[in-house]
Structure formats: C-alpha cells, structure tokens
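Reader: Please show me the model, and then take me through it by question and answer.

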Amino acid sequence: MLQDLQAQFLGSTIGGLVAGSIYALIALGYTMVYGVLRLINFAHSEIFMIGTVTSLFVLITIAGGTAPITLGVFGMIAVLLLIIIASAAVSGGAAVLLEQVAYRPLRKKGATRLAALISAIGASLFLQELFGLKIIEWITGKSGRVQQNAPRFIPHEELFHIGNGVVRTDHVFVVVGAVIMMIGLDQLVSRTRIGRGIRATAQDPEAAVLMGVSIDKIVRLTFLLGGAMAGVAAALYVMEYENTDYRIGFLLGIKAFTAAVLGGIGNLRGALLGGIVLGLVENWSSIFFGSQWKDVTAFVVLVLVLMFRPTGILGESLQRARA
C-alpha cells in the first residue's frame, strides 16, 4: 500500500487538479444561482451537457468526422478558443432560456422553493431526453443513447515530469484555462458595477430594487454567467476526455454540486477550493480503494460535509463578497 502511494501520489495529484478544475467551473453556476435566488438549479448539469455537445459539433464540423486533427500550436489554441466561445455562448443562452421558462413564471407567482426544485428536476429530465432522442443523433448521425467520441486536436504529449507524475499538454490547457476564467469571474463580481448589482440582490433584493437594481436583469445575468462557466468547463472536458453523451451531466453535476457545498455554497472562491479539493480527494482515494470507488468518494464527501460542516470550508456567501 505504501509503495502504491509513493508510485501514484504525484500522478493522482495532477489528475485531481485537472478534474477539480472542471468541477470548479461547473460549481460556479450552482453557487451563483444559489447566492442570488437561494435555489439549487439541478438542471445546471444539463447546461454543461449542452456545452459538451456544442463542442462536439464544432470539432466534428472542423474535422469532418472523429479522426484526429493535426494542427500547429496556434491552430490548437485557435480551435480551443473557438469551442470555448461556442460552448459558453450556447450554454449561457440555454441557461437564460431555462430561467425564463422554468423558473421566472414560478418566481413571479411567488411559488415555493420546492416548486422551483421540482421544475428544475423536470427541466433536467426533459433536456436529457431531448438530446438523447434527437439532438445528438442529428449532429453525429449515431444514436444519441451511446457515447459520442470527439476528434483529438491537442496531442496528449508529455511536457515534463514531477517525480513519477507526468504533466501533459492537455493538463496545462485545462488548468490554465479554468484558472483564467475563475479569476475573471471573481474580479467581475467583486469589482464591477454588474458585480455590485449581483451582490446587492443576493444580500437584500427589496433594498436593491429601491436602489434602482433590476432584479430580472440581475437574475438573467446570473444564469448567463453560470451557464457560460459550464460551457467553458464543457469545452475543456471534451478536449481532455474526448467524449460526451446525453447523461454526461448527471454524475459531473452531482460532483460539482458537492464541490460547491464543500467550499461553501454561494461562495465563488469556495467553489474553486471545493472543486480542487474534491478532485484531489477522488484521485487519492483511487490509490487505496481502486478507481472503481472514485465516484463513491464524491457522495461520501457530500454526506460528511452536510453532516459536520454544512456551511462548507469557507462558509462565506456571495452577498458578503467584498469589492
């Protein structure tokens, strides 16, 4: 056991940072919506799935199929930026549409949070089946019920070693891309007028209205930003793992929700910390229990956090973020 730990620890740590970066980006959507509306948007996992399908569509269109694409450095960066922009735009737009169709009518009528939660679950199942039955098949020509493979456009080449751990090109793109997006969102919420509106709405919606803040506009913007982050995560996921399917958001969504709770639901920096910690714990656990127990670890972490520290590691909500 000790020998396994020594041999696999650094490699598992690198893998954990990569997976955790993706979890963190998805978790931002959960934490932003909760911070503003006190709503757990369980359909957010399907917003991520829509982003992966968008990336798949763009890559298949460029490659003319699923065969690997040979590109130079600038070509790889250009294609990565293209799928990030496309996935962020489509996922962000889908999130805004979701809010207008599934949540806003309930909010206008003063419905309970339970009603909004049921609406979220219904929207999630609808989107899963819509893509599983029609959309994915239309894009790929294959059954939407099976795993779809994406063409490789960034070679998984070794850059350098850290002990026994191997850092590849795709690892660097995922971590650097995720960090840039998370820092950008944090600065947007902390230092801009839009961010002040989001924080004011999270702290006291009635007072925010009296100060001239449009609640509908802020809620729409919150869903847009959260959906865009899920779209970026989707593009990085497709680049890293080169596959998707209509249920891809289910497990990753639960893990991202666990990351948000672990870091402190409603806390942007908590989502980052929770995602990284969860990714590391998952990969470290596979050293001791095997990779087949990796997903179980996420559920165990969620249960333990809810039992012993339901406010999360940082426990600071979006409304208290300082400019």
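Author: Contact here means heavy atoms within 4.5 Å. This is a predicted model: local features need pLDDT of at least 70, side-chain atom pairs count only at pLDDT 80 or more, and totals for chains, interfaces and linings use all residues. Residues are numbered from 1 along each chain as its sequence is written, and side-chain values use heavy atoms, with hydrogens and water left out.

Reader: Which residues does Asn 41 touch, not counting those up to four places away in sequence?

Author: Asn 41 sits in the loop between α1 (2-37) and α2; helices (H or I, at least four residues) and strands (E, at least two) are DSSP runs, numbered from the N terminus. With residues up to four places away in sequence set aside, the residues touched by Asn 41 are Tyr 30, Val 33, Leu 98, Tyr 103 and Phe 223.

Reader: Is Asn 41 buried or exposed?

Author: The classes are buried, under 20% relative accessible area, exposed, over 50%, and partly exposed in between (1.4 Å probe, protein chains only). Asn 41 has a relative accessible area of 2%, so it counts as buried.

Reader: What is the phi of Arg 38?

Author: Arg 38 is also placed in the loop between α1 and α2. Its relative accessible area is 27%, so Arg 38 is partly exposed. Most residues other than glycine have a negative phi. In Arg 38, which is not glycine, phi is positive, near 55°.

Reader: How many residues of α2 are buried?

Author: Helix α2 covers residues 44-63 and reaches 29 Å from its first C-alpha to its last, close to the 28 Å expected at 1.5 Å a residue. That expected span is 1.5 Å times one less than the number of residues in the helix. Gly 64, with a positive phi near 75°, follows α2. The helix is mostly covered, and of its 20 residues the number buried is 16.

Reader: Which residue follows α8?

Author: Helix α8 (residues 215-241) has 27 residues and spans 38 Å between its end C-alpha atoms, close to the expected 39 Å. It is mostly covered, with 21 of its 27 residues buried. The loop between α8 and β4 (243-244) holds Glu 242. The residue that follows α8, with a positive phi near 60°, is Glu 242.

Reader: Why does Glu 242 count as buried?

Author: Glu 242 is not a glycine, although its phi is positive at about 60°. It counts as buried because its relative accessible area is 15%.

Reader: How many Å apart in space are Phe 257 and Tyr 30, C-alpha to C-alpha?

Author: Phe 257 belongs to helix α9 (residues 248-263) and is buried, with a relative accessible area of 15%. Leaving aside neighbours within four places in sequence, Phe 257 is in contact with Tyr 30, Ile 40 and Leu 302. Phe 257 and Tyr 30 are 227 residues apart in sequence, and their C-alpha separation in space is 6.6 Å.

Reader: What is the radius of gyration of the protein?

Author: The protein has 11 helices and 4 strands, and its C-alpha trace spans about 55 × 45 × 35 Å along the principal axes. The radius of gyration is taken over C-alpha atoms, and the globule rule is 2.2 Å times the number of residues to the power 0.38. For 323 residues a compact globule would have a value near 20 Å, which agrees with the protein's 19 Å.

Reader: What percentage of the residues count as buried?

Author: Among contacts with a separation of 6 or more, 79% are between residues 24 or more positions apart. Of the 323 residues of the protein, the share that counts as buried is 51%.
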